[in-house]
Each structure stands twice: as structure tokens, then as C-alpha cells.
Amino acid sequence: MSTISARIAALLVSILTASVAFSQTQMPPEIQLQLQRGLAPNVVQPDAPLAVSASFEPAVARVGRPAEYRVTIMGSQRIVQLPELEAPAGLDVMPPRIVGGIGRQITRYAVVAAHAGEFTMPGFDVQVGGRLVKVPPATLQVVQPQPGEAVYHPVKAVLDLPRRDLFVGETIVARLLLIETEDESPQFVSHVAKTNGAVVFRAEMRTKREQFVWAGKPASGLVMPVQITPISEGEVEVNCQIVVQIARNEDGAIGRGLTTQSTLDTPSAHIRVLALPRAEQPAGFTGGIGNFTLSQPKLSAAEVEVGEPITLTVALSGEGNLEGVSAPEIGEIAGWQGFKPTTDFQRDESDPSMARGTKAFTYTLIPRRAGLKGTPPLPFSFFDPVKRAYVDATVPPLPVLVKAGTVPAAVAPGESRTEAGPQDDTPRELPLAMTGLAEHPGRWARSLGPALWSPWFLAAQLMPPLALLALWAWRRRRDYLAAHPEIALRRLARTAAKRALSAARTAARKGDGKGFLEAGIGALCEAAAPHNSAKAASLTRDEVLLVLRDDADAARGARSIFEAADALHYTTAAVSPEPRKLLAELERAVDHLTSRP
Amino acid sequence: MIRALLLLLFLGLPLVAQTPDERFSKATAAYTSGDFAEAAYQLRPLVDEGHISAGALHNLGNAEWKVSRPGHAILAWERAAALDPANPNTAANLRFARHQAKLGGPVLGWHEQYSAWMPSVFWLAAAMLGLWGGLALLVMPRLLAWRRADWHQGVAALLLAIFLLSVPAIYGLTRRARIGIVLEEETALRLVPAREGETLVKVAAGEAARVEKTRGDYLYVRAEGDRAGWVKRAEFARIWP
């Protein structure tokens, strides 16, 4: 069964092959050729008339100035293949460019004559459609430029290096400048290659039209960033070759806007390549040269069990040979087992020179014993070409708690599980690390700074001096009163008299004659006591009246009160004193006594 | 609209009701679980609302460092150290951060270093107690007619000595009040206090500088190495605001 199927399949294949071969043998050769070149087959009439002409534009050119050799074919068929031109000696012919389409095709060659004279481009055959067509010869007259005529300035290519002193392995970003002139303008670069120099040369095929300063003069043109990495020390000469499309700005023969392809060579750029200082090379140096910063390292977990892997990621950013930098391998260190790190390079797309980027290194670490409090320090360093010194960028230990777990810890040969680690008697500088969290907030405050200028603090400063001042005043008063006891007596008497007078007023309001008289006599005695150096209770009526002798009215009032009291106490007849009438006299007498000095 | 407001009020009530201690604990839990951004998010408003403590500031510094805001982290740790100068963890974090960022600390005069030995509250209390206590002990026995005793003189001399010892510290406190921290990376120090002002130099986040004068929204600051210029207020914060 399978044999039959195989035979049927072989038969079908042979039929298909035969049909294709037949069809190809029936196809005209020019169509086969066009099919092979990927062009649409020219299916117009092969016998259609063709007009072929060749000419130089302009017919008379200057030495050193470009002219154009044109082959024009008028017809509906396309040129299948162009032969190599046999240009006369002294006439430099550039690669051709075909313009036009159905009906007219013009093949344009830029030519430059090296000397004056007559140059004749010989006739040649060209295959158009299915037939060969004879191209007639054409002649170009070349004359010397007129005295005073401007020299033709072609596009110039130069390599602009930021520095001339480099280190082996250092990557710098230079600029390839294609300088525009009044005669020519570079359009785009199709190829760049280093032609000389012990350097790694890498061109970014992205150009930008810019204005810049070259040789102290403002200029404009295309700028292409190129990375140069010297690979051996010594004096190095670097140059490169550029294939560029150029538009000539000259009116007339060639016209504006049409481009020709040119190959330009840059003049040699000399650089001095220095060796890295090997004597000072620190641990963790893996060839990184540039201006880098190390990002904050990140751990995949804050707690881990023995034997459980965690990852530590750290990124190196900046400008330099980042792509070629590798991460140092750590192996086994301080209770941790480290594996070869993986790297990931990201170019900084926003940087037009494409020199900046970030390279992330991811280490996988496995703790081999419980109780470790941090990851091991990861030595890393790079060389700063500007400072001409190595920079230590060691990744510091990160806090991580290693707990005993179910995963069995790997034990290195010759190391015991119970050992705390290798004993090293030499003092070493411990790397700095961030500490943990505060477990308690502590005392809450409302402000941070010192309360030096706050109002309450300033007010509090007034309290102690005021208190001391008050104490001093109190003391002075007390001493004064001690030195003058009559003042105190008089004040006491005045107070007692006022109190008794108040009681007399109350009694008078109530119509209590007995109470009024008792309180009134008390008030008189209290008021008179300071003037008699005796106690109020021991004063008699005469002594009180003696004090009032200088005021007859007051004395009369006081006497009437004393008499009313005597009448109340010592007579058997019913006496009813009139306190309201006597109150005014009492007040006058007491007032006189208390106001006396 | 009213429903939305009620919902907002309902959702916001738990936040309002939380005490500073509860918010501190919540931030600590977020940090411990590795959510450093959440921890910073919890602690920032706590401190901004005036609930300030050395522990909260220390943890805020840790969280800010973890979310790659070194300027804010160093500021928080400096503030924590101002409240609790004896805390070794905060001092260690400041050393660590400055080592990582290759920054130096603020350059302090002797009186400023002296004032940093103790919290500002201690120095103010010592000065108050020393001055007024000493004067009171000298004056009050005479005013109150106490019997003269040797200990009165001794204690008064001691208190006045405490006052004299606290005077340089208080001067140091007033000087330290001008110190601040650059918050943002590549902060420009400008020639004039305006956005269009020419950039004289750029300073790194976490660098310490002293405020010399202010004008509108700008501060004239001087960093280490006599790098001076105008900086926007938003890009710089005093340790003692």
C-alpha cells in the first residue's frame, strides 16, 4: 500500500516539474531575468521603438567640479542590466542612479575630471527589454577654472573625539561629522566602517542634522554617534570610511534635490591609549570603566530559612562600557553560598549618544546557617577615567533574618555547622548597614524644634522674676510694719470699727436699739483705741470723748450714744432709743476717729 | 452627591478615629511585610499633622530610604536624632545613608556639637532651672528670713553653674535651627531667587546646608564647600521647621 502511494506521489512531482520546465522554456529570456531580479515582468511589445541617447551635462565642465553623464532611453521597456562603463583616464565616474519610469529612463553618473581636456565616453551596449541597444558615445569638454572662480567644496567627514587620552577597554562616544558645504549637502549615511586602528568601532546608524562648531567655526551637517573602545595601549590612529548620499547644491547641470552616492574617508584621529593602573586594582573589578552609580540593592525577602534561596538585585547605571561589564562572582562567603549572577542590560533610549544605560545584576544567595543577620558584602569596583582612579562600589550587607528551617543547609567541606564562622584575628572595617525599625514610637511631641522663641516659653521666663519681686515687696512691707506698729494698730482698729459700725447699721435698720447701742459703742471704742494706746475694750466714755475733743459735733454725737446706752442699762424706766436718729451721729464720730492721723 | 459625601465620611471615619499609636503600628506592620511605600504613606501624614516622635521619624526614614527618597530619609533621621540624640540606630542609619550617597553630614561648630548631646528640651529645662533656681536660692533665705545655711550657697552655685553650662548649648540650638536637608536629586542652586535664575551648581539629595536668608518662595542656602545659591522651598527642608 505504501509502495503505491509513493509511486503516485513521485508521478505527481514529475508532472509538476515538467510543467514548470515547459513554462520556463516558453518564457522570453528578458522576462525570466526580470523574474529572477524580483521585478514585475515587462510585458509590453518587444518590437516597440526605442530612442537611446548619451550626453554630458554640462557639455563643458571645470576641473574638479562634478558634471553628469546621462544615458536616456525613451521607450516603454526597462533597462535589464547596465554594463560596467569604460571611463577614459582622468575621469572619475561615480555609481549610477536610475530615475524615471515607463516612457523614459535616465541613468545618471556623476563624473569629476581630474584635468582639462576632452573626455569621450565610448559607446556601449545595454540590454533593454528583450534586446540589446547601442548607446552612442558622448564627449565632455573640461577646462581649467577661471581665475578668481570659487573652489568647489565637497562634503567633508571628520571624527570628533571628546578626549584624546583613553584607557584600554574604555568606551567613549565620538561624533562622526559630515560637514555640509555651500556646494554639497550630505543626505544620509548608508554604511560606515573602520579602516584603521586597534579599536572596536561601533557606529549607530542614526544620524541627526545639527549645527556644531568645528575647527573654531560654526558648521552644520549630519552627526552620527560612534562608540570607540581601544583594545591595546599606545598611540593609535583611527579613521573610517563612510558611504553617504550627497545632494549637490549647484544649479544647472545636476540640479537641486538629486543625490549621488559618495565614499568619504575621515582624516586620521590620533588617540593615546593608557593601561589601567594594575597595582591599585581593587577587589571586585571586572573591567568596568566609566562614570557609574550603583543603585540601592534590593532583596527578594526580609526573612529566609536556611537553605532557601533569595535573590539580590543591584543595578549599575551611567555612561561607559556597561555592556561589557560583568558582575564579580562571590562563591562561598560568610555563611552564604552565591551563584553566578545573571545580568540584564537596558540602553537609555532617551540618550541620543546611546552611551548611557543600566545593567542589573541578580545574585542568587543561599544562607547556610541560621542566625545570620545580613547578606554578605559584594565587592564591586570600577575605574573612573575622569578621576583616573578606581571607585569602590561594594554592595553593603542588607538586613535579612536567617531562621532555622526545614531545608537542609549545605555544609562546605571542612566547615562545621556549629561554628560561627572562620575566625579572623586581623581587625577589619565592618561595612555600614541600615538598622531595623523602632518598635515603639516614644513620647509624642507637637513640634520638633526647641521652644526657645515660643510665646509660652517666654511667658514662663517672666514668672520666676515676678514671683521673686513680689516676695521682695512683701518682705519690705512686713519690715516697715514691724518698724511702725502704730500703723498696724490703726489699721486693725479701723477694720474693727468698720465691722462694728456695719453691725450698728444692721441693727438700726432692724430697729434693734440695744444691739445698735452695743455695736455703736464698740465702733467708737475700736476707732478711739489707737489714739489712746489702750485696748478698745478697756476704754471708758470719758477717754473716748477726750479723743473727740477737737470736734464738738462728733463729741456731742458720741456722748448722746453713750448716754442712751447708760439709760438703757442703768434706769428702770422703759427707754426706747432711736437708732436711726443716732446712726448719723455715730457715723460722723467714727469717721472722725478713723480719719485722724 | 449626598450619598457620596456620606460614603466618604463613613470611609474616612476609621482613619480619623485612629490614634497616633495605632497608625504607627499599622505603618510598622506594612514595613515588616515589605510594603515600604505603604509604610511611608502612613507615616508621612502622621508627622505632618504634628504627631511627632523619635520612633515614628526613625521608621519614616527607613521607609523613605526603601522607596528611594534619600533626601526625605536623611531629613527624617536627622529629625529623629534631634529628638533622641542618644538613639544608636538612628545615628547608624544616618552614617549608612551618607556613606551610600557619598555625602558628608552637616559641619557643626563646637557649640552645635555640644547642643546635640542632649535634646533641646533638656537644655532649655536646665537653663531655666539653673538660672531661676540659683537666683531663688540666693535671694529667698534672706527674704523669708531663713536661717543661713551652707547648703543654700552650695546648691545655688551648682544651679548657676548648670545655667552657665547650658548657655553655649542654647546658642548652638539657635545656630542649628538654620540647618536643613536638600530633598530632591540634582537640586539647582540659583544665582537669583527665580525659576529662570542661572544654575550655579547642583546639589545632591540628602546634602546638608544652612539657610542664610529667605525671599518669597526661595531660601538662600550654603552647602559644604561654600556652594551657595537660592533654592526653592519645596526642594529643601529645615531639620527644625
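In chain A of this predicted model, A:Pro58 is placed in the loop between strand E1 (51-57) and strand E2 (60-62), where helices (H or I, at least four residues) and strands (E, at least two) are DSSP runs numbered from the N terminus. The peptide bond that joins A:Glu57 to A:Pro58 is cis, with an omega of about -5°. Residues are numbered from 1 along each chain as its sequence is written, and chains are lettered from A in the order in which they are written. Local features need a pLDDT of at least 70 and side-chain atom pairs count only at pLDDT 80 or more, whereas totals for chains, interfaces and linings use all residues, and side-chain values use heavy atoms, with hydrogens and water left out.

Most residues other than glycine have a negative phi, and most peptide bonds are trans. A:Ala215, in the loop between strand E17 (208-214) and strand E18 (217-230) of chain A, has a positive phi of about 55° although it is not a glycine. A:Ala215 counts as exposed because its relative accessibility is 68%; buried means under 20% relative accessible area, exposed over 50%, and partly exposed in between, with a 1.4 Å probe and protein chains only. In chain B, the phi of B:Ala145 is likewise positive, near 60°, and this residue belongs to the loop between helix H8 (120-143) and helix H9 (150-176).

Helix H7 of chain A (residues 552-570) comprises 19 residues and reaches 26 Å from its first C-alpha to its last, close to the 27 Å expected at 1.5 Å a residue, the expected span being 1.5 Å times one less than the number of residues.

The axes of H5(A) and H7(A) come within 10 Å and cross at roughly 135°, axes being lines fitted to C-alpha atoms, for helices over the stretch in contact, and angles running from 0 to 180 degrees between N-to-C directions. The two helices, H5(A) and H7(A), are therefore oblique to each other, since angles under 35 degrees count as roughly parallel, over 145 as roughly antiparallel, 65 to 115 as roughly perpendicular and the rest as oblique. On the side of H5(A), A:Lys514, A:Leu517, A:Ile521 and A:Leu524 meet residues of H7(A), among them A:Ala558, A:Ile561 and A:Leu568, contact being defined as heavy atoms within 4.5 Å.

A:His592, found in helix H8 of chain A, counts as buried because its relative accessibility is 17%. Its side chain is joined to that of A:Asp550 by a polar contact of 3.2 Å, that is, a pair of N or O atoms within 3.5 Å of which, within protein, one must be able to donate a hydrogen and the other to accept it, residues adjacent in sequence counting only if both atoms are side-chain atoms. Not counting residues up to four places away in sequence, A:His592 touches A:Leu548, A:Asp550, A:Asp551 and A:Ala554.

Chain B contains 9 helices and 7 strands, and of its 241 residues 43% count as buried. Helix H4 of chain B (residues 54-66) has 13 residues and reaches 19 Å, close to the 18 Å expected. H4(B) is mostly covered, with 12 of its 13 residues buried, and the elements that cover these buried residues include helix H2 (20-32), helix H3 (36-48), helix H5 (70-83) and helix H6 (88-100) of chain B. H4(B) is followed by B:Ser68, which has a positive phi near 60°.

H8(B) and H9(B) pack at an angle of about 150° with their axes 7 Å apart, and H8(B) and H9(B) are therefore roughly antiparallel to each other. B:His152 lies in helix H9 of chain B and, at 5% relative accessibility, counts as buried. Leaving aside its neighbours within four places in sequence, B:His152 is in contact with B:Leu137, B:Pro141, B:Trp146 and B:Arg147.
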